[in-house]
Amino acid sequence: MKSILYRSFLLWCIVLLATACKKVNDNEGGADQAPVINSITPDKGPQGTVVTIHGHHFSATAGNNTVKFNDKTATVTTAGNDKLVVTVPKGASTGPVTVTVNGKAATGPVFTYTFGATVTTLAGSTQGFADGTGAAAKFDSPSDVCVDDDGNVYVADRLNQRIRKITPAGVVTTLAGSTLGYVDGVGGAAKFSMPRGLGIGNGGIYVADETNHRIRKVTLGGTVTTIAGSGQVGFGDSTVTEARFYHPYDVCVSRYGSIFVVDEANHRIRKIRNGQVTTLAGKYEGAADGAGAAAGFAYPTGIAVGPNGGPAYIADGYSNGIRKLTFETVIGGVLVDDDTATGIPVTKVMIKTLIESTGGYVDGPINTAQIGLVYNLCVDAAGNVIIADGGNQKVRMITPGGQVTTLAGSTLGYTDGPGASAKFNMSGGIAVDKDGNIYVADTNNHRIRKITLE
């Protein structure tokens, strides 16, 4: 009898142990425990790289694991409780790897994404002036570019005193401008004086007409008008006809139609809206973070607004590198820059340093990375800040996660080809189209270059 009871008890223990083990195994998919990432191999590479993630509490069912590289979703090809094999998605950028199982997430090491960049020349050859296709066209020290939704690139052809247009096929025509001077008008009847920066929006191209100390607008049909600036050198907020600028260097247009101006020699960021020019930030030369007039700039040279209306990023040429401008008012998670669109007044903007200019060259986390003299910048649809690092002859990217990587460029010169072997000569303005292609005003090479990311 005892033997029978013993055998029954032993059988009950075995069943209980098996049930417990099954529960443990079932839980290893993350039902009760958050996943853990121990390591990733390899930790760098381009899109399509196969990465093995080692850890615990993953799901053995591939579809139950969500793996992201810097917020880009990867394809899970093999899954186990302690190992996942995934393929790096296109455009992942550099940032941390995350694994989510049953709503519970783990953040792992940083994966360094290598962009497959190819640099080509869209248009231009030797210094001069000529309309034409590709290398038959000529520019003279182009200083900035912007691009429309159809892929047409507009160029501030600085020493030719003209605004040029390049089609996606590389056909160059003159949109407006002729000889040095100041005249509103149509096409060749208009005159500029050292047009420097460009912005696009509101049905036209906006021009920082530097030594006319005015902001001009060129319609897509080539009609030039003055939208702000009296032409007198100095500083003064007022109506658009009475306001004064001092070497306006760059412009951009917000999603609400406001026009932001980098007023270089006044060390300020100005705003044009509803017939008035006001100052958003800055007052005296210097490097200071703060609100509005408490912030300091030192000859800022470029500005771009991020997706969804903000924030704005500023190339503070001779001071602290890249500055970030955020607006006080947030509506539905979106930073807004004026009260016309929302009915809520914006009373303050904040300036913070994103990354300081050291004159060096180091990729990596933003707190240890080094950049050179940045002339201009742009922001892509994913919020990556793309900078023309003229001091290092490179085009670089700062991800929203705070990682700095090099997209293209090596030493000073002129070479098309793969990103790491391409060469630039004092790249100035920079723009990105809706497909992520980057355009560079390669100033001293007198060419417009295109960077295609794979």
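A salt bridge here is a side-chain nitrogen of Lys or Arg within 4 Å of a carboxyl oxygen of Asp or Glu. Keep that in mind, and look at R449 and D442. They form a salt bridge, with the closest N and O atoms 2.6 Å apart.

A word on the model before I go on. This is a predicted model, where local features need pLDDT of at least 70, side-chain atom pairs count only at pLDDT 80 or more, and totals for chains, interfaces and linings use all residues. Residues are numbered from 1 along each chain as its sequence is written, and side-chain values use heavy atoms, with hydrogens and water left out.

Back to that pair. Are R449 and D442 buried or exposed? R449 is buried, at 0% relative accessibility. D442 is buried as well, at 0%. Buried means under 20% relative accessible area, exposed means over 50%, and partly exposed is in between, with a 1.4 Å probe and protein chains only.

How many salt bridges does the structure hold? There are 14. In general, side chains of opposite charge can pair when their charged atoms come close.

Take D184 and R216. Their side chains meet in a salt bridge at 2.8 Å, N to O. The pair links distant parts of the chain, 32 residues apart. D184 is in the loop between strand 15 (171-177) and strand 16 (185-186), and R216 is in strand 19 (residues 214-219). Strands are DSSP runs of E, at least two residues, numbered from the N terminus. D184 is partly exposed at 33%. R216 is buried at 0%.

Next, D363 and R396. This salt bridge is also listed at 2.8 Å, N to O. D363 lies in the loop between strand 32 (349-355) and strand 33, and R396 lies in strand 36, so the pair ties together parts that are 33 residues apart in sequence. D363 is partly exposed, at 33%. R396 counts as buried, at 0%.

Salt bridges link D131, D157 and R164.

Strand 36 (residues 394-398) runs antiparallel to strand 37, with 4 bridges joining them. Two strands pair if DSSP finds at least two bridges between them. The two form a hairpin with 4 residues between them. G402, in the turn, has a positive phi of about 85 degrees. Strand 37 (residues 403-408) is mostly covered, with 5 of its 6 residues buried. Strand 33 (residues 364-365) also pairs with strand 37, antiparallel, over 2 bridges. Which residues stand opposite V404? G364 is a bridge partner of V404, and I398 stands opposite V404 too.

The open sheet has 5 strands in the order 16-20-19-18-17, with antiparallel pairing. Its edge strands are strand 16 and strand 17 (195-201), each pairing on one side only. Strand 18 (residues 204-209) and strand 19 are joined by 6 bridges. Within that pairing, I205 has V218 as its bridge partner.

On to the rings. Rings of Phe, Tyr and Trp (its six-membered ring) pair if their centres lie within 6.5 Å; planes under 30 degrees apart count as stacked, over 60 as edge-to-face, the rest as tilted. That gives 2 aromatic pairs. F69 and F111 have ring centres 5.1 Å apart and planes at 90 degrees, so that pair is edge-to-face. F69 is in strand 4 (residues 65-69) and F111 in strand 9 (residues 104-113), 42 residues apart. F69 is buried at 0%, and F111 is buried at 0%. Y113 and F115 are also edge-to-face, 4.8 Å centre to centre, with 80 degrees between the planes. Both Y113 and F115 are buried.

Charges over rings come next. The rule is NZ of Lys or CZ of Arg within 6 Å of the ring centre and within 35 degrees of the ring normal. R162 sits over F129, its charged end 4.0 Å from the ring centre. R447 sits over Y414, at 3.9 Å.

Last, the backbone. Most residues other than glycine have a negative phi, and most peptide bonds are trans. S141 has a positive phi of about 60 degrees, and S141 is buried at 12%. N274 has a positive phi near 55 degrees, and N274 is exposed at 60%. A cis peptide bond joins T41 and P42, with omega about -10 degrees. P42 lies in the loop between strand 1 (36-41) and strand 2 (44-45).
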